[in-house]
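Visitor: Hi, could you walk me through a structure I'm about to work with? I'd like to start with one residue and go on from there.

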Amino acid sequence: MSQRPSFYGLYATREKHPTYRVDLTELFSAGLTRKGHRIDWHMQAIDRSPTETVSLASGGKVFVGRAFGGASLWRKVFNQLAGLRHDFRLYRLAQREDYDFVQVRDKTFAALVGLLAARSRGIPFFYWMSFPYPEADRFRANDPEMNISLTLRSFYRLRGAWTAWLLYRVILPRASHVFVQSDRMKDDVARRGVVPEQMTAVPMGINLEQVGATNGEEATTPTLVYVGSLVRLRRIDFLLHMLKRVHEQVPEAELLLVGDGPARDMAFLKSETQRLGLTSKVRYTGFVPMSEAWTYIQHATVCLSPLRPNPILDAGTPTKVIEYMAFNRVVVANRHPDQSKLLEESGAGYAVEYESDAFAQAVIELLRDPESARRMGARGREYVRRHRSYAALTDALEARYLELLGREQSLPLAEATR
């Protein structure tokens, strides 16, 4: 039997060490390394720490950059300078081992260093774009609702322009391949001049083994469940107005808000609840562990995912709908590139306009026909297993790396996520 092909990569990422970001831990630390591949990480420490090298059980290493503790302005400046120095270190690190590729995630200057290091070694350079940071800076600079100083707006504007030029004019056109988070992001980057065939969309997913069984019984009272942040910018009062409309035809329906927010934001939500006469029909859990949040999902009648339209967030792949579907719950969400794709392809719910009346109409329809709602919800987990479980995503990502490295041909990763 021939030996299975493997690869060895150096991966620099914006996330700090130790990281608990699920797509990094599931796709790489718990995914590709279990398949016999090896990844060395380049990160800055999350808290006060010297420069050090940490050995991993998988055989890889983490090259940890120095960080200073504290939250003062000077500490932040020192951390930025230390991070810059660690980015320069990436060039030297790339020469020390027999890496098959260098990959950088969401760091423009480190990407420039990584690109030069890969070129000097004659190996591929990959860029991983999980969020459009240059566009986010420009959005902050021009958003009148953000309460920031003119100086900070100017800083965001300048940084956005500089990083956009470096990313779209220098780094991405010279990268061997670009990984993005969604089909929408792929289209956005293609409009910047990057060839679509040189990009692969790798969406967020879920670990179905952690989710476990889905045999929770629905609550006896029609219960609408939202799980997520309750910060005011999310406009969760939208759901209160939706519930008011639902009560006109299904007065026994209740809304369960699983999550928390700053004290002022929570006070606003609760005052709106009282003003609308919904105090007895809305429950707030406060912060709960994810395992407890999943228990609430299991008992939901309908799960809700309002995502305020935003040109930056439209490029993301929110995990909320995936979590709901993993528990075979029917979903009502607003139209958003990824949310719409999930619900339209799976048939596990409705994607409607971002309007309280549109949400209410969809919820009323599902509450009036519970058998149909259960049939729709039952389609979710199998769709997630085939297209958005980290097991499926890891298999497809491994195949793409092997293809890019000339080790093995594969179908495009997009085939696995359709």
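**A chat about the model**

Guide: Happy to! Keep in mind that this is a predicted model. Let's begin with T317, which is buried, with a relative accessible area of 4%.

Visitor: Where is T317 found?

Guide: T317 sits in the loop between β12 (302–305) and α11 (320–326).

Visitor: And what does the side chain of T317 reach?

Guide: The T317 side chain reaches the backbone nitrogen of M204, at 3.0 Å. If you set aside neighbours within four places in sequence, T317 is in contact with Q181, S182, P203, M204 and D338.

Visitor: Changing topic: how many salt bridges are there?

Guide: The count comes to 30 salt bridges. One of them joins K341 and D183, with the closest N and O atoms 3.8 Å apart.

Visitor: Which helices do K341 and D183 belong to?

Guide: K341 is in helix α12 (residues 337–346) and D183 is in helix α6 (residues 183–190). The pair links distant parts of the chain, 158 residues apart.

Visitor: Is K341 buried or exposed?

Guide: K341 counts as buried, because its relative accessibility is 16% and the buried class is under 20%.

Visitor: What about R335, which residue does it form a salt bridge with?

Guide: R335 pairs with E353, and their closest N and O atoms are 2.4 Å apart. R335 lies in the loop between β13 (331–334) and α12, while E353 lies in the loop between β14 (349–352) and α13, so this pair ties together parts that are 18 residues apart in sequence. R335 is partly exposed, with a relative accessible area of 47%, and E353 also counts as partly exposed, at 41%.

Visitor: Which residues are linked in a network of salt bridges?

Guide: That network links E15, R21, D23, R105 and D106.

Visitor: Let's move to helices. At what angle do α13 and α14 cross?

Guide: The axes of α13 (residues 356–368) and α14 (residues 370–377) cross at roughly 105° and come within 5 Å. The two helices are therefore roughly perpendicular to each other.

Visitor: Which residues make the contact?

Guide: On α13 they are L366, L367 and R368, and on α14 they are P370, A373 and M376. The residues of this contact divide into 5 nonpolar, no polar and 1 charged.

Note on methods:
Residues numbered from 1 in each chain as written. Predicted model: local features only at pLDDT ≥ 70, side-chain atom pairs only at ≥ 80, totals over all residues. Heavy atoms only, no water. Axes fitted to C-alpha atoms, helices over the stretch in contact; angles between N-to-C directions. Helix = DSSP H or I, 4+ residues; strand = E, 2+ residues; numbered from the N terminus. Parallel < 35°, antiparallel > 145°, perpendicular 65-115°, else oblique. Contact = heavy atoms within 4.5 Å. Nonpolar A, V, L, I, M, F, W, Y, C, P; charged D, E, K, R; others polar. Buried < 20%, exposed > 50% of the residue type's maximum accessible area, 1.4 Å probe, protein only. Polar contact = N/O pair within 3.5 Å; in protein donor to acceptor, adjacent residues only side chain to side chain. Salt bridge = Lys/Arg side-chain N within 4 Å of Asp/Glu carboxyl O.
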